[in-house]
Amino acid sequence: QLVYVLNGPNLNLLGTREPEVYGAQTLADVQQLCRQACERHGLELVFRQSNHEGALVDSIHEAGREHAAGRLAGVVLNAGAYTHTSVALPDAIKGTGVALIELHISNVFAREAFRHHSWISPVARGLICGLGVQGYALAIDAIARW
Ligand code: DQA
């Protein structure tokens, strides 16, 4: 069974980007952490990052085709700033029917007001935020138990 972990804009900068907010670990470290979590559960990892909204939509469609073929365990999506702006991402999630966990490294509710609204939450199965990059492993643990 496949787990898609999709990362949106600016998450390629992890490690150097506002480390006081996002921590010191890089996206490569996050990928490693996800790989280990998947291995623990015998799941196969597809790990991606894109700064482009349409590329994230394409990846959700791809996950949707795996879902239709019975090969998808679940999706973890950190949509970054697109969380707060994108209608295309929730449309893709709803349109494909993939089971998805919305993830944020930081506690968005303790930050600026514009980060308090998410277009993803209404179509997500659950939400993990504010637990740092460990949240990715927790999301994969949750998917393994669905
Ligand atoms: C984020 C929170 C978003 O508000 C922000 O735009 C990001 C990262 C997080 O992981 O905490 O890029 O999704």
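A residue is near a molecule or strand if its C-beta atom, placed from the backbone, lies within 6 Å of it. The structure is a predicted model, in which local features need pLDDT of at least 70, side-chain atom pairs count only at pLDDT 80 or more, and totals for chains, interfaces and linings use all residues. Residues are numbered from 1 along each chain as its sequence is written.

**Ligand surroundings**
- The residues around the ligand are Asn10, Asn78, Gly80, Ala81, Thr83, His104, Ile105, Ser106, Val108 and Arg115.
- This shell comprises 3 nonpolar, 6 polar and 1 charged residues, where Ala, Val, Leu, Ile, Met, Phe, Trp, Tyr, Cys and Pro count as nonpolar, Asp, Glu, Lys and Arg as charged, and the others, Gly among them, as polar.

**Helix H5**
- Helices (H or I, at least four residues) and strands (E, at least two) are DSSP runs, numbered from the N terminus.
- Gly135, Tyr136, Ala139, Ile140 and Ile143 of helix H5 (residues 134-144) are buried, that is, 20 or more other C-beta atoms lie within 10 Å of their own, whereas 12 or fewer make a residue exposed and counts in between partly exposed, with C-beta atoms placed from the backbone.
- These residues lie on the same side of H5 because they cover an arc of only 140 degrees around the axis, taken from the directions from the helix axis to the C-beta atoms.
- Strand E1 (2-7), helix H2 (27-41), strand E3 (72-78), strand E4 (100-104) and strand E5 (126-129) pack against the buried residues of H5, contact meaning C-beta atoms, placed from the backbone, within 7 Å.

**Loop between E1 and H1**
- Asparagine 10, in the loop between E1 and helix H1 (19-22), has a positive phi of about 75 degrees although it is not a glycine.
- Asparagine 10 is partly exposed, with 14 other C-beta atoms within 10 Å.
- Glutamate 18 is in the loop between E1 and H1 and, although not a glycine, has a positive phi of about 35 degrees.
- Glutamate 18 is exposed, with 11 other C-beta atoms within 10 Å.

Definitions and conventions:
Contact = placed C-beta atoms within 7 Å.
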